[in-house]
Structures are given as structure tokens and as C-alpha cells.
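Colleague: Could we go through this structure together, feature by feature, before I plan how to describe it?

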Amino acid sequence: MGTATFVILAVIAVGSALGLILRRNPIHAALFLAVNLGTIAAFYLALGAEFLAIAQLAVYAGAIIVLFLFAIFVLIPAREETTPDPRRPYRILALPIGAVLLAVLVAVVAMGMRGPAGARTAPDGVQAIARLLFTDYLFPFEVTSVLLLAAMVGALLMSRRREG
Amino acid sequence: MVPEAWYLGLSAVLFAIGVVGVIVRRDPLIIFMSIELMLNAANLAFVAFSHRLGSTEGQAVVFFVMAVAAAEVAVGLAIIVAIFRLRRRLSVDDLSLMRW
């Protein structure tokens, strides 16, 4: 990925993230999140993680965003953030906290990048991750299926109307 | 070729935006979306390190993070909908049931 492409995509990613936390309407926020997840999929592609890029689009931009939109449709009457915020002075504190966190993270990245780079043999994409998932990470991979089943049952149980 | 440090910087920026979103907003849905933003920022850092080290292990971790995030969203949204059914309002400031 060229520098210009990276800068454009990074600006889109940061802009959509800011839109996500600044817009009052949750539907706009969900669509901004979709844009953000799409740009991150593009970054995965540029970093040689083709499988993750496709999985990102299918799982996040497909399933999770749709889930969010359904939840928003169910919850439309609960428009809470139109009233003035009684705790505004406390929430303003988020900005210095975020700034300090960002400074710390950037400092860590800058320090960590001083060391020598690794072998930099490009991993051969889908084959490499498939081999890894079905050998070294086979057990966690299978446990993932149990987790997803448990989440599905839990979500059904939670959203069921109580009879009687 | 863009150096990996740029990806890590972008990841740091996205993570910080997510943290600010979680603190600033009152709508639990938007707080949830900010959490997804943070998870994705961490995933981007994983993939960038995986590329830098020439190893696929980071990508495997990202795969598991995605699976856990999907489970988390399903259960979390079900909880939010259940709370809405119970109370007809949806602001994290009202949810102080478990606070001592």
C-alpha cells in the first residue's frame, strides 16, 4: 500500500471513528462504524492478512452491523441523548484522559519500534493461517464453536418474553 | 511500503477515540460500538505486529478476538433489549441497580 493510499484510508478511519462518537443518532453511528470496519479490512489486506480482511467484512460489516441496526430499530423510542446531560462536567474529563492515553500509546509504539525488525518473511496468507488454526490452535478453535453456541442460547434466553 | 509504526499509530488513535466514546456517551448502544472500535484497533495492532515479525500467530489471535466479539455483541445487545423492556428508558446513568 502506497503512502498516499494509507493516508487517505487513515483519514477516513479516524474521521468515521470521530463521527461514531460525535453523532447523536445511533443509526448514523452504526453506519460510521461500518465505514470504519471497512477501512480496517483494507489495512488487513495491505498487511497480507487476506483471510482476516474477508472475515472482517463478513463478521463485522455483515453480521455485527446488522445486529446493531436491528437493536436500534427495536430501541427507537429510547431516544435518551436529546435531553441536556446532567453530568457534563464529569464527562468532559474524558478528553484529557483520552489525550493522556494516546500520548502513552504513541510513546510505547515509538519506543518499541526502535528495536530490530523480525525476519520479515511474508507469511503465505490463507494457507499459513489455516495450518496454524488446524494444528497449534485446534483446541481453541473448537472451543470457539462452543462459545458461539453458548452466546446464541444466551441471547435467545435473554430476549425471550417471560410467559405468565 | 508504509512502515508498521504508522499502522500502530493509527491503532493507538482509534483506541483512544474508542475510550473517549465509552466515557462520553450515555447511550449503551454507542458505548457498545465504541468497544467494537477499541477491539478493532487492538486487532489492527496484532496484524501489524504479525506483519513486522513475519509470523502468522498474530492473525490467529485476531481470528479468536473476532469470534469472541461476535459472541459478546449478541449477548450484549440481548441484555440491552431486555433492560429496555424492563425500564422503557435507556441511559447508562439510570442503570445503578448493582451499585452499592
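Colleague: Among the contacts in chain B with a separation of 6 or more, what percentage comes from residues 24 or more positions apart?

Modeller: This is a predicted model, in which local features need pLDDT of at least 70 and side-chain atom pairs count only at pLDDT 80 or more, while totals for chains, interfaces and linings use all residues. Residues are numbered from 1 along each chain as its sequence is written, and chains are lettered from A and ligands numbered from 1 in the order in which they are written. Two residues are in contact if their C-beta atoms, placed from the backbone, lie within 7 Å, and in chain B the share you ask about is 47%.

Colleague: Which elements make up chain B, from the N terminus on?

Modeller: Helices are DSSP runs of H or I with at least four residues, and strands are runs of E with at least two, numbered from the N terminus. Chain B runs α-α-α, with three helices and zero strands.

Colleague: What does the C-alpha trace of chain B span along its principal axes?

Modeller: The trace spans about 50 × 25 × 25 Å. The radius of gyration is taken over C-alpha atoms, and the globule rule is 2.2 Å times the number of residues to the power 0.38; chain B has 17 Å, whereas a compact globule of 100 residues would have a value near 13 Å.

Colleague: How many residues does each chain bring to the contact?

Modeller: Chain A gives 71 residues and chain B gives 62 residues.
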